[in-house]
Amino acid sequence: MNQILTRRCDTPLPRKGVFRILICRPNHRLGNTVLLTPLISELERHYKGAEIDVISEGDIAKEVFASFFSVQNVYCLPKRGFKHPLPFLRLIRRVRGTHYDLIIDPCVGSGFSRTLTRLLRGTYKLGFSDNPKRDGLTHAAPTDIAGQHMAKRPVNLLRWALELETTRQDSVPTLDIRLTDPEMDSGRRAINQLLSESRQTTSPPVVGVFANATGEKRYPMSWWREFIDTFKLLCPTASIIELIPMHGRSMLGAEWPAYYSSDIRRMGAVMAGVDLMITADCGVMHLAVASRTATIGMFCVTDASVYAPYGQGNCPLQTPGLTARQVACRVVENYSQLLGRDASMPASSRHDDVSLRQALAP
């Protein structure tokens, strides 16, 4: 069940002599950038001492990889680069000045990423393709080895090229932006300051809520209010902090102490200081996982098998057909120990008082 059965690589990548590596992932989205961190961990495992460069888009990648010792250059193409041809071409020319031992296109079906991979200079070029001659790759992995999860696909790709015996999904590195101790200390101080100014306690559990997402993935404010009202009835000692989206506006009516930063790593540091993050499927969900805090991601339209938070303490929750009250009960049941609940009795079966019975009524 944990293996992907497929044909082996005819000529595996060499284990030695690969020192300059380029990851070609020109995308500006936070989630897609954070989902590259397991690939970098896997490269560090197999190519110790190698230097890794990354091609991205926009400035997010520089923040995400700021503390990665193995990452030397993060080349950030301008967003919508074809509308800014001169900066775009200057940067591509700069990258072409380096001959890489290995260039990796970790995407399935990205024409832009493949075009850049073909254009840049490398001894070995690795990517997914069922038409290797046309795509200009030296190592073309069949797309059936990619697997479902976006973070695990690049790891499967590299393991296939190294001709490893199995691709164990439970051994894939987790998301990690590698927050430093000073960053995490600053995050905890920010949380303590927020809670000290409210009527909430700084003692655990402290729960972070990020209530924004794009398009149909976003739950309305009324849904969140019902969710939080139920959650607080079930866990009255829990303290809640809202994490504010990049646009700088509360999604919960400014009813809870809130933290805002346009800096990705500061946002991650604060999330690292809470006991549980609750969020819809979005880039901040992946950032929370990569900040190494327990994260529950709620999915209402997208495929959880592709984007689900994985690793110890993380889990997806499919919400179609469930009310906000029912979702809150599921969250408390899944994290009963962390939230200080009696794990021997599910939250949905408790009837401690009238208000709780009303909250749990169908």
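What follows is a chat about a sheet and a pocket in a predicted model.

Trainee: In what order do the strands of the open sheet run?
Mentor: Keeping in mind that this is a predicted model, the open sheet is formed by six strands in the order β9-β8-β7-β10-β11-β12, and their pairing is parallel.

Trainee: And which strands stand at the edges?
Mentor: Those are β9, residues 258-259, and β12, residues 315-318; each has a single partner strand, so one side of each is left without a neighbour in the sheet.

Trainee: Which helix packs on that sheet, then?
Mentor: Helix α8, which covers residues 181-196, packs there and touches β7 (206-210), β8 (239-243) and β9, while its direction makes about 115° with that of β8.

Trainee: Back to the strands: how many bridges link β10 and β11?
Mentor: Strand β10, residues 276-280, pairs with strand β11, residues 295-299, over four bridges in the parallel sense, and Thr279 stands opposite Gly297 in β11.

Trainee: New topic, what volume does the largest pocket have?
Mentor: Its volume is about 760 Å³, and 27 residues line this pocket, with Arg29, Leu30, Gly31, Thr214 and Gly283 lying nearest its centre.

Trainee: Which helix gives the largest share of that lining?
Mentor: Helix α11 does, with four residues; at least two residues of the lining are supplied by each of α1 (30-34), α10 (264-272) and α11 (283-290).

Trainee: How does the lining split by class?
Mentor: The lining of the largest pocket comprises 13 nonpolar residues, 10 polar ones and four charged ones.

Note on methods
Residues are numbered from 1 along each chain as its sequence is written. This is a predicted model: local features need pLDDT of at least 70, side-chain atom pairs count only at pLDDT 80 or more; totals for chains, interfaces and linings use all residues. Side-chain values use heavy atoms; hydrogens and water are left out. Two strands pair if DSSP finds at least two bridges between them. Contact means heavy atoms within 4.5 Å. Axes are lines fitted to C-alpha atoms, for helices over the stretch in contact, and angles run from 0 to 180 degrees between N-to-C directions. On a 1 Å grid over the protein atoms alone, a cavity is a set of points where a 1.4 Å probe fits but cannot get out, and a pocket is an open set with protein on both sides within 12 Å along at least five of seven lines; lining residues have an atom within 4 Å of a point. Grid points are joined across faces, edges and corners, and a volume is the space filled by probe spheres set on the points. Ala, Val, Leu, Ile, Met, Phe, Trp, Tyr, Cys and Pro count as nonpolar, Asp, Glu, Lys and Arg as charged, and the others, Gly among them, as polar.
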